[in-house]
Amino acid sequence: MAAASMVIENGAKIEPLNVPREPLPPERIAFCVDLGEEMSKVWLFNNHKTPRLDSFKELIRLFVRSKQLISNQHEFGLLVASPSPFWFCEFTSDSTAFLSSLSQLDVQGSMGPFPMGDLNKRMRDNIKGSPNAAKFVYRVILIHARSAIPAADSSPSPLVYGAHGNAGFVLDLIHVHEKPNKEIKQTYDILSPPFDPDHPSDSYSFDLSTAKRINWMFSALLAHPLIRLPLPTPAIKVT
């Protein structure tokens, strides 16, 4: 095992991480992209005024290309939340096909509450239906942008997240919103995966209202779930 260490921006040191020398299992990463009207709002992204959806498309493109440089066995899928999540592109290692689907996304207008249980069901059905699921680590990167509408936890049973070997998946949350209020806090609590202090690195959760540090955030998301350094808190505000 090789040791790695990291110093976060405020100078606090994180304990060294043992990194396995053997190859890590490939990932199947599903982006679930909200197409609600808030994704049409413009913010300052890389010194240019850019609609939120366009900035996320560019970041996802860079993310996919970077992950494939690490391993060409990674696969990518695309779910759109319009209003309930559905598969727009099934898992594929063909980045050209995936990015072509991504380029077709457009804002759909006003949406109701995001049904978190539906996302859980789509993923679990996909995992159970794949004959080679056991060789992959599954991950969902949820980009949610309905700050005025609380999410709906419609799952009939508790959501199950896991890195590998238990037919679960890792959930990374990007919660995009306007100025904080009670509804935003309620939505974040529903969307965020349960925080386990014994396994703090399983999921990353980011809370943002500007694009000020969004490039740093996507860089952190490049980390493979099995060797992640834990974030100092369950959620990181990058506003």
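**Exercise 1. Charges over rings**

Find the ring that Arg 52 lies over, and give the distance from the ring centre.

Solution. Arg 52 lies over the face of Trp 43, and the distance from the ring centre is 5.2 Å. The model used here and in the exercises below is a predicted one. A second case involves Arg 28, whose charged end sits over the ring of Phe 136, 4.0 Å from its centre. Trp 43 also takes part in a cluster linked by ring pairs, along with Phe 31, Phe 56, Phe 63, Phe 76, Phe 98 and Phe 218.

**Exercise 2. The whole chain**

State how many helices and strands the protein has, and what share of its residues is buried.

Solution. Start with the elements: the protein has five helices and 11 strands. Next comes burial: of its 239 residues, 49% are buried. Last, look at contacts between residues at least 6 apart in sequence: 74% of them join residues at least 24 apart.

**Exercise 3. Two packed helices**

Describe how helix H1 and helix H5 pack.

Solution. Two packed helices are described by the angle between their axes and by the distance between the axes.

Step two is to read them off. H1 covers residues 52–70 and H5 covers residues 214–221; the angle is about 35° and the axes are 11 Å apart. The crossing is right-handed.

Step three is to list the residues that make the contact. H1 supplies Phe 56, Leu 59, Ile 60 and Phe 63, while H5 supplies Ile 214, Asn 215, Phe 218 and Leu 221.

Step four is to sort them by kind: seven are nonpolar, one is polar and none is charged.

**Exercise 4. Asn 215**

Decide whether Asn 215 is buried, partly exposed or exposed, and say which residues it touches.

Solution. Asn 215 belongs to helix H5. Its relative accessibility is 32%, so Asn 215 counts as partly exposed. Leaving out residues up to four places away in sequence, Asn 215 touches Phe 45, Asn 46 and Leu 59. Phe 45 lies 170 residues from Asn 215 in sequence, yet the C-alpha atoms of the two are 9.2 Å apart in space.

**Exercise 5. Positive phi angles**

Name the value of phi for Asn 46 and for Asn 47, then classify both residues by accessibility.

Solution. Take phi first. Asn 46 is not a glycine, but its phi is positive, at about 50°. Asn 47 likewise has a positive phi, near 70°, in a residue other than glycine.

Then find the location. Asn 46 lies in the loop between E4 and strand E5 (48–51), and Asn 47 is in the loop between E4 and E5.

Finally, compare the accessibility with the cut-offs.

**Exercise 6. Aromatic pairs**

Give the number of aromatic pairs in the structure, and describe the pair formed by Phe 91 and Tyr 138.

Solution. There are 10 aromatic pairs. The rings of Phe 91 and Tyr 138 are 5.7 Å apart, centre to centre, with 80° between the planes. Edge-to-face requires over 60 degrees, so this pair is edge-to-face. The pair links distant parts of the chain, with Phe 91 in strand E7 (residues 85–92) and Tyr 138 in strand E8 (residues 137–144), 47 residues apart. Both Phe 91 and Tyr 138 are buried.

Tyr 204 and Phe 206 also form an edge-to-face pair, at 6.1 Å centre to centre and 85° between the planes. Tyr 204 is buried at 4% relative accessibility, and Phe 206 is buried at 0%.

Key. Residues are numbered from 1 along each chain as its sequence is written. This is a predicted model: local features need pLDDT of at least 70, side-chain atom pairs count only at pLDDT 80 or more; totals for chains, interfaces and linings use all residues. Side-chain values use heavy atoms; hydrogens and water are left out. Axes are lines fitted to C-alpha atoms, for helices over the stretch in contact, and angles run from 0 to 180 degrees between N-to-C directions. Helices (H or I, at least four residues) and strands (E, at least two) are DSSP runs, numbered from the N terminus. A crossing is left-handed if the near helix is turned anticlockwise from the far one by less than a right angle, and right-handed if clockwise. Contact means heavy atoms within 4.5 Å. Ala, Val, Leu, Ile, Met, Phe, Trp, Tyr, Cys and Pro count as nonpolar, Asp, Glu, Lys and Arg as charged, and the others, Gly among them, as polar. Rings of Phe, Tyr and Trp (its six-membered ring) pair if their centres lie within 6.5 Å; planes under 30 degrees apart count as stacked, over 60 as edge-to-face and the rest as tilted. Buried means under 20% relative accessible area, exposed over 50%, partly exposed in between (1.4 Å probe, protein chains only). A charge sits over a ring if NZ of Lys or CZ of Arg is within 6 Å of the ring centre and within 35 degrees of the ring normal.
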